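The sequence and model follow.

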Amino acid sequence: MSTDYQSARVALGSRLRMLRAEAGLDGKGIAERLGWQRSKVSRLETGKADPYQ
């Protein structure tokens, strides 16, 4: 995996975290609204998962 790719995932995760916080949601709240597992939200926010998986 390229460094640029990983940097983009981390940037996306940071943006998701910021938007979630601005919406007043915690990880569990956004996961419920999106129909995702809480762990998926966590992995996305930390850049450990691809958004399309």
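R20 is buried, with a relative accessible area of 14%; buried means under 20% relative accessible area, exposed over 50%, and partly exposed in between (1.4 Å probe, protein chains only). R20 is found in helix α1. Leaving aside residues up to four places away in sequence, R20 touches L25, D26, G27, I30 and E45, where a contact means heavy atoms within 4.5 Å.

R9 has its place in helix α1 as well, which covers residues 3–22. R9 is buried, at a relative accessible area of 11%. Its side chain makes a polar contact with the side chain of D50 at 2.7 Å. A polar contact is a pair of N or O atoms within 3.5 Å; within protein, one must be able to donate a hydrogen and the other to accept it, and residues adjacent in sequence count only if both atoms are side-chain atoms.

## Basis of the values

This is a predicted model: local features need pLDDT of at least 70, side-chain atom pairs count only at pLDDT 80 or more, and totals for chains, interfaces and linings use all residues. Residues are numbered from 1 along each chain as its sequence is written, and side-chain values use heavy atoms, with hydrogens and water left out.

## Helices

The protein has three helices and zero strands, in the order α-α-α from the N terminus. Helices (H or I, at least four residues) and strands (E, at least two) are DSSP runs, numbered from the N terminus.

In helix α2 (residues 27–34), the buried residues are G27, G29, I30 and A31. Their cover includes α1 and α3 (38–45). Just after α2, G35 takes a positive phi of about 75°.

## Overall dimensions

The C-alpha trace spans about 30 × 20 × 15 Å along its principal axes.

Of the 53 residues, 26% count as buried. Among contacts with a separation of 6 or more, 51% come from residues 24 or more positions apart. The protein exposes about 3,800 Å², of which carbon and sulfur atoms supply 54%; accessible areas come from the Shrake-Rupley method with a 1.4 Å probe, and for residues only the protein chains shown count as cover.
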